[in-house]
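Here are some notes to read alongside the structure, written as numbered points. Please keep the sequence at hand while going through them.

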Amino acid sequence: MTSPEVDDTAAGAFFAEFGEAARSLPPVAIVIAAFNEADVIGQVIEALPAEICGLKTAAVVVSDGSKDKTAGVAKTHGALVADVPVNRGQGAALRLGYRLAREGGARYIVTTDADGQYNPAEMERVLAPVVAGEADFVTGSRKLGSQETNDPVRRLGTWVFAVTISLLTRQHITDSSFGLRAMRAEVTGVVRLEQPQYQSSELLIAVLAHGFRVAEVPATIHKRQVGESKKGHNAIYGLKFAGVVVGTWWRERQRRVPGSGSAPRSGDGRRADDRSAVPPAQDGEPPSRAPEPEPLAASGPDGAGPSSSNSGTPAASATETTDPDSLDPRSAKRK
């Protein structure tokens, strides 16, 4: 069975099992990819906020071929779970999670890891710029915030890849692999995502290449308390991550303008191939602003929305209105 067929089958089963709850998600979907995390996934879900920026949330967990009770534990703690029978990698699991969020009607997606290394209280900080209409994609940064790891190789690798991506994309990035992120849901349907693993850099580079407004905020990564990392040996992880970085940059470079490093821009800073439009504001909401030509800001997407599937699940659209609601700093722990 091909990867698209696996996605279609898993999505069909997901919507069939959870019905209206899956088809009518609240504004914020918290997407988590999990592989053999039964010992900690329950605690992670329990700690998720029921509201972020005044918007209700739902946890969408993709159990990526787990051989333990990850899927069952996640359901017991209130998550909507897509139980994929084969292990394909975190990238493939997140890609499916993005699709489920979009097709379920979520306006915003927040991602976090299943191992409890990220602080759920910082989700408000990550999502706020997106809800406020100041960014399309926001990633936490351990460089701007803090990290508890003492592994000098990992610390060096984080810096090297951040510098590399900054040079390749001409955008200043301090952390290319932070798992706590927030974005407008349709962003994930516009960019091309094909990496089964190490997708964090692919998503970031693709988002930058499409001209979406990207921002970083200070955030914290804690030591893993339960289980072991699934990333593998530092050298192997580094080589594969580097391959994804270079491969994605080259792919996006060719897509934009063959033979050059970037697409031409008009006088207002928008790319000549940008076909996006600023959606109108709803009553009582702050208007969406046209992107400014800043170092970490650009205009909207230049691609079409996600392709339809044959799974019978609701079709998602990349042109649906995503006007931000007024910011509300309230946030409550999930009950």
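1. Two residues are in contact when they have heavy atoms within 4.5 Å of each other. By that rule Glu216 touches Thr139, Ser141, Leu144, His172, Ile173, Thr174 and Asp175, leaving aside residues up to four places away in sequence. The model is a predicted one, in which local features need pLDDT of at least 70, side-chain atom pairs count only at pLDDT 80 or more, and totals for chains, interfaces and linings use all residues. Residues are numbered from 1 along each chain as its sequence is written, and side-chain values use heavy atoms, with hydrogens and water left out.

2. Glu216 belongs to strand S8, residues 214-221, a strand being a DSSP run of E with at least two residues.

3. Helix H5, residues 90-103, has 14 residues, and 13 of them are buried. Just after H5, Gly105 takes a positive phi of about 90°.

4. The largest nonpolar core has 47 residues, and those with the most contacts inside it include Leu96, Leu100 and Val207. Val207 touches Phe137, Val187, Val191, Phe212 and Val214, again not counting residues up to four places away in sequence.

Technical notes. Helix = DSSP H or I, 4+ residues; strand = E, 2+ residues; numbered from the N terminus. Expected span 1.5 Å × (residues − 1). Buried < 20%, exposed > 50% of the residue type's maximum accessible area, 1.4 Å probe, protein only. Core = buried A, V, L, I, M, F, W, Y, C linked by side-chain atoms within 4.5 Å.
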